[in-house]
Amino acid sequence: MATESPAGDSPSRGKRADAQRNRQTVLTAAAEVFVTSGVDAPIRQIAARAGVGMATIYRHFPTRADLVTAVYHHQIEACAEAGPNLLASADSPLEALSQWIDLFVDFLVTKHGLADALQSDNDRFAALHAYFLDRLLPVCAQLLDAAVEAGDIRPGTQPYELMRGIGNLCIGRDNDPRYDPRRLIALLLQGLQRPHAS
């Protein structure tokens, strides 16, 4: 029988909770580092940002592909969960859509090097892409529908088209520091708006 800690938890449960917290901290730090430095950023940079040792990262993610895949999953879930929360808290459905698109762009910047990081693991990449579509298309549809219903944007924009268009605008960001996809994405969003929407 395991001894219980003063808080009433068994030591192994406490260790699992610590390991889960470390994992989440590493995923958050890796996502931030990937946005600024790409998926080829040194593991030591991620460890420093997370405040953990490199061994902790390798214990959770033995290969770079494992880490990148986990970050990708983590960000998909964050984007998926953000949509309904933004609809509930934003001033308008249009504002919720705009804020969600900002999160989506951050995600796309991280995703940029995914194919290279996974190298020839086409099955893993295909599974991640399917997961991405399954989780994010319904969220984008919900946001678009709410904005249409509120009269903020014109009807007829398909979630896949919008997400694909935003993704295409994000291509080339790394190659030209003068290019800011967010500016063009803001123009795209303005183009979807009804004339009276601000």
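In the predicted model described here, L162, I166, L169 and C170 of helix α8 meet P181, L184, I185, L188 and L192 of helix α9, where contact means heavy atoms within 4.5 Å of each other. By class, this contact of α8 with α9 has nine nonpolar, no polar and no charged residues; Ala, Val, Leu, Ile, Met, Phe, Trp, Tyr, Cys and Pro count as nonpolar, Asp, Glu, Lys and Arg as charged, and the others, Gly among them, as polar. Because the model is predicted, local features need pLDDT of at least 70 and side-chain atom pairs count only at pLDDT 80 or more, whereas totals for chains, interfaces and linings use all residues. Residues are numbered from 1 along each chain as its sequence is written, and side-chain values use heavy atoms, with hydrogens and water left out.

The chain has nine helices and zero strands, and its pattern along the sequence reads α-α-α-α-α-α-α-α-α; helices (H or I, at least four residues) and strands (E, at least two) are DSSP runs, numbered from the N terminus. Of its 198 residues, 36% count as buried, a term that stands for under 20% relative accessible area, with exposed meaning over 50% and partly exposed lying in between (1.4 Å probe, protein chains only). Among contacts between residues at least 6 apart in sequence, 66% join residues at least 24 apart. The chain exposes about 11100 Å², of which carbon and sulfur atoms supply 51%.

Two packed helices are described by the angle between their axes and the distance between the axes. The axes are lines fitted to C-alpha atoms, for helices over the stretch in contact, and the angles run from 0 to 180 degrees between N-to-C directions. Helix α8 (residues 159-170) and helix α9 (residues 181-192) pack at an angle of about 150°, with their axes 9 Å apart. That makes α8 roughly antiparallel to α9, given that angles under 35 degrees count as roughly parallel, over 145 as roughly antiparallel, 65 to 115 as roughly perpendicular and the rest as oblique. The crossing of these two helices, α8 and α9, is right-handed; a crossing is right-handed if the near helix is turned clockwise from the far one by less than a right angle, and left-handed if anticlockwise.

Helix α7 and helix α8 also have axes 9 Å apart, and they pack at an angle of about 110°, which makes α7 roughly perpendicular to α8. Here F132, L133, L136, L137, C140, A141 and L144 in α7 meet P159, Y160, L162 and M163 in α8, and by class this contact has 11 nonpolar, no polar and no charged residues.

Helix α4 (residues 64-89) packs against helix α7 (residues 122-149) at an angle of about 15°, with their axes 9 Å apart, and the two are therefore roughly parallel to each other. The crossing of α4 with α7 is left-handed. The residues in this contact include A65, D66, T69 and Y72 in α4 and R124, L128, H129 and Y131 in α7, and the contact as a whole divides into 14 nonpolar, five polar and four charged residues. Within helix α4, A65 is buried, with a relative accessible area of 16%. The C-alpha atoms of A65 and R124 are separated by 9.6 Å, although these residues are 59 residues apart along the chain.

Elsewhere, A50 lies in helix α2 (residues 43-50) and is buried, with a relative accessible area of 13%. Not counting residues up to four places away in sequence, A50 touches T25, V26 and A29, and the C-alpha atoms of A50 and L27, 23 residues apart along the chain, are separated by 8.4 Å.

How values were computed: Accessible areas come from the Shrake-Rupley method with a 1.4 Å probe; for residues, only the protein chains shown count as cover.
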